Each structure stands twice: as structure tokens, then as C-alpha cells.
Amino acid sequence: MALPTLDDLLKIPTQDEVLDQEVFPELRTRGARVTDWIVGGVYRTMAYVVALLRLDVRKSIAAFAAAGFEDYVFGLAAAPAGIDVTAWAALVAKQRYGVDRIAATYTNRTIRLTNSTGTPYGPVSAGGIILQFTATGNRYILDGTVTIPASSFVDATFRSEFVVDSAAGRTYNDSASATIVLVTANYPGVTATNPAPTYSSVSQAGAGTGTVTPSGSPSGNHSVAVRIDASGQVTAATWSTSLDGAAWVSQGAAGSVTNLGGFGINITLANGASGNPSFIAGTYYYFSTPGSDVTQVGRDQETPTELGARVRGLWPSLAFVKDSAGNWIWTSPTVNAYETLAKSASDQVKIAFAKTDATVNNKVKIYIAAQGDLVPSGVLSTVSAFFNSRSMLTDLPEVLSPTKRTITLAAVTVTVKQGQLATAQGALQTALKNYLGGVDPKVVLGINGRVDRAYILSLIRNTTGVVKVSDVTLTINGVAADLQLPVTAGAFELAVWTQAVASDFTWVTEA
Amino acid sequence: MAIDYGTDIAALDDLPDPEVLVSGERNAAYAQGRRLLTPTGALEAIGDAAPYDSIDLREQLGARMSEQDLLDLQAQVHQVLSQDERVIRVEAQLTDTGRALQVEARHEGTAGPFDLVISIDSVTTTLLKAS
């Protein structure tokens, strides 16, 4: 008997096909003497039960066969007959590549609790305070013990109520300086705010006790990297800066620089309290402006497709091999592998974009971003340190942050069935946030991606309840056409969208 | 032309071991008996989508039934027994003995008359007459 082909194994017949092609012929072969095949007959009923059991076995065979092919497991190709084996993705990634699936995480924020009364509160345990951002309805929960002093304030870490789940509409990209109310009513006189500092904290990747301090009154969204080129104390050490991921600009041995890039950013270097030299060549310092109240950008659970792309990128350095002394074995990964490594270095890295430098042969620029936002500067240094520790003798990887490019959709009128307005607005808000936040699995919008006007229109038009959309007038950042990032030539830009469709779009209802 | 009632396994609520076949009027009576022991929709649940009216009288055991309830149930039994394509006409009577439900049904079938008397208690189902 010929062995079944892969097509045979992957085919799931109907129950009637099993009856006609397998059960009844077998009964004939065995000479069954039954002639009553009217519904309710014993043999007929048993034949259906056998066919049902056989069908379950065929489903299991098909699922097991499909699970042997990673394209099916990671959702990179659709398995036949609607077989969905993507639930195997985490197991396959772990067993074959030694890689764990990245779980969904919370968004953490620093919230300022101001007490206008003369009575302190606390210590308040984790979970003791629940806040709500009124614009989005998102709720956050106190994530540690805190005491709110009398007639003063304290900065406390709050985490989102749930982990991020974009498909379920659970995103926590709330803006800074938002309106926040306390859900827990136990603290009269206490108000909550989330001001964004002028600068993020400065994160350091590498050795050295020297410090880098930003100051001034900058304009716009910018990320800055400082690289120490030659070791020394202040005014002896030479250093360079990279603004918004652009080329490095030498600052010589200056002790400070003012008005960097014409954006009002000042940087001052200071020696450490101990150690000489304070600044060590190869050390990187990262910060961005404006700073953010977000200390951890939450993310979705890694999709099977994302996991598949990440583990396959590991082929050049499978399972992060180390030598007997615990050191990384040196490698020169592919561009895909760089992106994989960046995403593996920190769970907060949702988007990675690697590009070889145009002028320096061995330099690889790796731009990373979180889900719908930039990564905190601490993540930049973590990822940078991860690459630095891998002893890439022939490559010089640099980890950088892209620049935010705010996306504004305008001049759009949506006609919706009466009674479905709220549902449509909620669904569209989620769909657009997913796409413009780079987590729409159908059309992934990455760094320097193209904001696809036609796709946006299709998202609007396909929202349940929507019967018409003004497809001619919709503009993206003022123009009725696709928006190709970067807008600023040579930059690396990440789309950021914070509009509310309910108020920013024009809605018309019809019966 | 009379239609043969066919041959099937002689089974009501369990399979005989060893297998016993039954034919003719007795097979038709067994088939009618199974209609009274099969929960509604049970065959559809295993994929047999052909129309099949049935009732599981065991579910009625122990229920407190008024005279009207009993008449209603008898009407259901009559309805169920009328659905077999081999049955032209049927007269069914349902009796509640307190410990068992007993159905006596006289059929005029496409291949001649046949009778069914079945008694259902909490432990067993007994075919008292199938001819």
C-alpha cells in the first residue's frame, strides 16, 4: 500500500466523505448483513459514530502533520482546510530554537500624587490606589508601596490595569499631562498628574564614572546619543553626538555643547567622584526630549508570525551560543539577525530596523522602538550593552532611537448606521491605533514605513456599521496621499498617532 | 408493493453480545422502541442530519405527572412513532404504573401490521412484545 502523501495527511474530509469512502466500503468488504439503513437504525448510527471518531483522528493527523512545518506553525502560510496550528508556535520556538515567546507586558508610568491636606497618607501598599485617565478610560494601579506626604507630593510607579492586548482594545498609549481621576475614594485632597519632564533620564552603556547632563529648553521630539571616542577626564576626553539617529558629529574635547542641532539642547559632561579617566572610549549615553512619564512601554504578546521571524533570524547564532568561559561566541549576524537580537535583548523592543551605515563599512545602525512609542533610554543602553557584550570583532553595531513622527488624519467624514455609532467608533479607534502603532499583523508599519492611505480607508470602510467614507478628502498630515517616512530626509522616523476618532473625525448617522 | 422492513441489530438501549440480528416486523418494532429511548437531537449531534423525531422516556421517570401531563406525553409518543417512513398509522397508549412507563402501540405499516409493547423503568428497558 502506498504511503499517504503530505496532501493526503493534511486533507480533512467531511463526515459524509468518511462514510462513503471508508466506512461503508469496509462494511461491504466485511459482508455486513444489515439492510435497514433508515435513520435511527443501529448499524447506521454506529457507522456515523465510527465516521465521527475517524474524522477526529484525521483532524489530529492533519494538525500533527501541519505542526511539522514552521510556515504553518508561525502563521507565515495558511495551512489547508482551515487547520490552525499557530498555537504550537511557542512550543516549537522553545524546542527547536531555545527561544521563549515574549509575553504581553504592562505599561508602567510615573504618576505624581499631590496631597493638599495636612494629613499624610500611608504607607499605601501596591494595589491600594487605582487611577483612571479620563480621555481614554484606561486605569492604572499602584505598583509599589508609597507614602503620600502632607502638603507635598510624591512620584509613584503605577502599572496598567491589564497587560497590553491590542486586539481587545487594551492599549495604554496615554499622553503626558493628561486628566487623571482617582477611582479609589480613600484619599481626599490627593490629585494625580503625569507631567513629562523636559528630558528623559540619561542611560549609560559601557564603563566610566563620568556623567552627561542635558539642559536648556529644547523644541520638538528628539533623541540624542553621546559616544566617548577617546578616554579621559572632561576637556581631555573626546566625544561625539548623534541627533535623531543621524551621523555622528564630533564635539572634540569640549566640556559642554549648547544648542545642539539648533534645537536648544545643551549637554554638559562632568567627571565622576572617583576614577580617572571618568570617560571611557566606547561608552554610550542616551537621552531623549521631551522625557516621558512612561518607564516601561507595555506590549502585546508576541504573535506567532513575529516569533517565527525572530527565531528564524537566529540561524546565524542559534540559541545565543556562549563558550566554556561564558562569553558570547563572536558573530557577524545578518540584518535579520540583528533585528532578532535587538528584540531578544529587551521585551520592550517591538520594532527593530537594522541598516548598514552608508559611509563606514563595518557599522550597523540598529533603530529600535516600543509598541506605538519610543523605548525609554534605559532600554537603549540595555540593548546597546547586549550587542557590545557579544564581541562582534568585525561589526560595529550602534543602537539608536528613531524620531517620532506624529500622524494626523483629517478631512474624513464617516457615515454609520444609526445605533452602531459607538461600536463603530470603538472598533475604528482600535484598528487605526493598531495599524499606526505598528502592530497590525496584516500591514506592518515599521520605522521609515509608508503610511498607506488606501489601507486606512479600507480600515474605516470595513468597520462594522460603516456604510460610507469620504475617500477623496481624507488627508494624512495635510496631504490626500500616502505618507512615506521619513519626512525629514535621512532621518529614521516612527509613526505615532494619538487622535480620537470620535472627536477628530466627522460622523454622520443614517437610519 | 409491500416494502421489506429490513434487517438490523436487535438493540434498544444497548448492543447485544454476541450480535443478534432481527428482521421484518420485529425489526420495525425495535426501530420504534429506539425512538422512545433516544434523546431529541442525539443523532444530529453525531452528524446524522436526516430528520428524526425521538424522545427519551427515561427522562420522564420519577416525574410527578398529572393526568393531563400523561396525556400530553402520550401525544408526544404518538407523534414520534408516526414519523417512521414504514408506518402508515399508529395507535399508542402510555401507562404510568408508578415504577415504570409502559407503551403499547399498534402499527399499520407499509409491509403489514406490527405491535410494540415496551416497559421502561429506572433500571431496564424491556421489550414485552414485538411482532
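Trainee: Which helix does A:Arg312 lie in?

Mentor: A:Arg312 lies in helix H6 of chain A, residues 304-312. Keep in mind that this is a predicted model.

Trainee: Is A:Arg312 buried or exposed, or something in between?

Mentor: A:Arg312 is partly exposed. There are 16 other C-beta atoms within 10 Å. A residue needs 20 or more to count as buried, and 12 or fewer to count as exposed, so 16 falls in between.

Trainee: How many residues apart are A:Arg312 and A:Glu70 in sequence, and how far apart in space?

Mentor: They are 242 residues apart in sequence. In space, their C-alpha atoms are 9.7 Å apart.

Trainee: New topic, helix packing. At what angle do H2 and H3 of chain A pack?

Mentor: About 105°, with the axes 9 Å apart. H2(A) covers residues 15-29. The two helices are therefore roughly perpendicular to each other.

Trainee: Which residues meet there?

Mentor: From H2(A), take A:Gln15, A:Val18, A:Leu19, A:Glu22 and A:Val23. They meet A:Ala47, A:Val50, A:Ala51, A:Leu52, A:Arg54 and A:Leu55 in H3(A). By class, that contact has 8 nonpolar, 1 polar and 2 charged residues.

Trainee: And between the chains? How many residues of A and B are in contact?

Mentor: 16 residues of chain A are in contact with 17 residues of chain B. Helix H3 of chain A, residues 42-66, gives the largest share of chain A's side, 7 residues. That side has 9 nonpolar, 5 polar and 2 charged residues.

Trainee: Over to chain B. What secondary structure does it have?

Mentor: Chain B has 3 helices and 6 strands. From the N terminus, the order is β-β-α-α-α-β-β-β-β. Of its 131 residues, 29% are buried.

Trainee: What about helix H1 of chain B: how far does it reach?

Mentor: H1(B) spans residues 24-35, 12 residues in total. From first C-alpha to last it reaches 17 Å, close to the expected 16 Å.

Trainee: How many residues of H1(B) are buried?

Mentor: 9 of the 12, so H1(B) is largely enclosed by the rest of the structure. Among the buried ones are B:Glu25, B:Tyr30 and B:Arg35.

Trainee: Now sheets. In what order do strands S10, S14 and S15 of chain A come?

Mentor: The order is S10-S15-S14, in an open sheet with antiparallel pairing. S10 (211-215) and S14 (256-260) stand at the edges with a single partner strand each, so one side of each has no neighbour in the sheet. Neighbouring strands are turned by 20° against each other on average, direction ignored.

Trainee: How many bridges pair S10(A) with S15(A)?

Mentor: 5 bridges, in the antiparallel sense. One bridge partner to look up: A:Pro214 has A:Ile267 in S15(A).

Trainee: What is the phi of A:Ser177, then?

Mentor: Near 55°, a positive value. A:Ser177 lies in the loop between strands S6 and S7 of chain A. With 10 C-beta neighbours inside 10 Å, A:Ser177 counts as exposed. A:Asn448 has a positive phi too, about 60°. A:Asn448 is partly exposed, with 18 other C-beta atoms within 10 Å.

How values were computed: Residues numbered from 1 in each chain as written. Chains lettered and ligands numbered in written order. Predicted model: local features only at pLDDT ≥ 70, side-chain atom pairs only at ≥ 80, totals over all residues. Pairing = 2+ DSSP bridges. Helix = DSSP H or I, 4+ residues; strand = E, 2+ residues; numbered from the N terminus. Axes fitted to C-alpha atoms, helices over the stretch in contact; angles between N-to-C directions. Expected span 1.5 Å × (residues − 1). Contact = placed C-beta atoms within 7 Å. Nonpolar A, V, L, I, M, F, W, Y, C, P; charged D, E, K, R; others polar. Parallel < 35°, antiparallel > 145°, perpendicular 65-115°, else oblique.
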